[in-house]
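Work through the exercises below with the sequence and the model open. Each task is followed by a solution in steps.

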Amino acid sequence: MRLLLLTFLSLLLYTCADEAPTLKSGDWRVNMELQDEMLLPFNIEFKADGTAVIRNAEERIAITDIVQNGDSVLIKHPVFAGEFQGVFTSENEVEGDFIIANMERSIPFSMVYGDSERFKEVDPAQVQLGGTWKIEFTENDGNTYPAQGVFEQQGNALTGTIRTETGDYRYLEGVVDGDSLKLSTFDGAHAFLFTAKATDSILKGGMFYSGNHYKAAFNGKLDPGYELADPDSLTFLKPGYERFNFAFPDADGKTWTLDDPQFKDKVVVVQLMGTWCPNCLDETKYFADYIARNPDSEVEFIALAIDYSKTPEPAFKAIDRLKERMGLEYPIVLAQYGTNSKSEASEKLPMLNAVLSYPTTIVVDKKGAVRKIHTGFNGPATGDKYTAFVTSFEAFLAELQAEE
């Protein structure tokens, strides 16, 4: 890992802190080094009070855990396990690695002060890309999957998101550079970059980069009426199964099932999720908000966590961190550790046709019958889709609570 050893040596040995540079208040531009010599840019603003804010279009991610020691810098996400470990290479520049230790991933980065532009040296836009797009991604093994792009363009500026059947690709921000699309986002877990050539109705030769470990090609066409498959239709109980069952432990060693007394005669929302998953975090924030707004509801929540950590101990630490940072009171049990494999998760939940996405949400009525299984989550970045989900979901929960 580039500069990692140097970073730790600096943290331990540097003694001339008064002479070292500091993270100046104001805008910094970060470049993350991906495959194919591609750079993923995003913007971060450091504050005079020692905090910072990552910006992606309308999204604002507050960062409070920032440590400087000599010429070394350590920046941690408030929820996810990733952290920036870097050193000053000049008064206005930091270089190092973004590291997700439990996934054994590292992405080199550089960060420059005083630069608020996300994508630089942009030519005037030659195409208009606002609207709804039908997109198809093709992975290296030839597998394909559908997506829906929803973009807004003002001059060169381009924002929006890309929805798939397993979740959205977050708040995307970028530019139309001549006849090219360039979009990026960084949220502490996902580092996404999208590039493509474009006309007013066609996207071609597109590439999607996720960190420096994954890429997929994509093409698209403008299609205002295009919709993805119904997320309530993709995951279902296999024939022969009438109930959704599980038995997984919490951090105290208690094994939870749907037969626990607190779920008796209640509507239960079971969330299959990961503490490392931004779409899951969006859904968790919504559930926490629903609980706060409905203190007298007859709805109980429980989450089944899937974690990369090789042993249970760090997995439960990640769960505790999430619960503490978000003020969660509903139980989160550990369903799987060591991998986020959906096929392994499917083996642990054999009553489902498949685990297709994190999150997947199972709604069980007062009598223990499964009434809805929702695959993925349309988060706030999807705008109207998120609003429509909230309205529909809360109406459905009200109907189930009214049943005898």
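**Exercise 1. The open sheet**

In what order do the five strands of the open sheet stand, and what is the sense of their pairing?

Solution. The model is predicted, so local features need pLDDT of at least 70 and side-chain atom pairs count only at pLDDT 80 or more, while totals for chains, interfaces and linings use all residues. Residues are numbered from 1 along each chain as its sequence is written, and side-chain values use heavy atoms, with hydrogens and water left out.

Step 1. The order is S23-S22-S21-S24-S25, and the pairing is mixed.

Step 2. Strand S23 (332-337) and strand S25 (370-375) are the edge strands; each has a single partner, so one side of each lacks a neighbour in the sheet. From one strand to the next, the twist averages 15°.

Step 3. Val268 has Val364 in S24 as its bridge partner.

**Exercise 2. Helices across the sheet**

Across which strands does helix H5 lie?

Solution. Step 1. Contact means heavy atoms within 4.5 Å. Axes are lines fitted to C-alpha atoms, for helices over the stretch in contact, and angles run from 0 to 180 degrees between N-to-C directions.

Step 1. Helix H5 (residues 384-402) lies across S21, S22, S24 and S25, at about 140° to S21.

Step 2. Helix H2 (residues 278-293) lies across S21, strand S22 (299-307) and S24, and runs at about 155° to S21.

**Exercise 3. Backbone exceptions**

Glu37 and Arg170 have a positive phi although neither is a glycine. Locate each, and decide whether its side is buried or exposed.

Solution. Step 1. Glu37 has phi of about 60° and sits in the loop between strand S1 (26-33) and strand S2 (39-46). Arg170 has phi of about 75° and belongs to the loop between strand S13 (167-168) and strand S14 (172-177).

Step 1. Apply the cut-offs: buried is under 20% relative accessible area, exposed is over 50%, and partly exposed is in between (1.4 Å probe, protein chains only). Glu37, at 77%, is exposed, whereas Arg170, at 3%, is buried.

Step 2. Pro359 is in the loop between helix H4 (342-348) and S24.

**Exercise 4. Pocket and cavity**

Which residues are closest to the centre of the second largest pocket?

Solution. Step 1. On a 1 Å grid over the protein atoms alone, a cavity is a set of points where a 1.4 Å probe fits but cannot get out; a pocket is an open set with protein on both sides within 12 Å along at least five of seven lines; lining residues have an atom within 4 Å of a point. Grid points are joined across faces, edges and corners, and a volume is the space filled by probe spheres set on the points.

Step 1. The second largest pocket holds about 430 Å³. Of its 17 lining residues, Glu152, Gly160, Ala381, Thr382 and Gly383 are closest to the centre. S12 gives the most to this lining, with four residues.

Step 2. The largest cavity has a volume of about 80 Å³. S12 and S25 each supply at least two residues of its lining.

Definitions and conventions:
Pairing = 2+ DSSP bridges.
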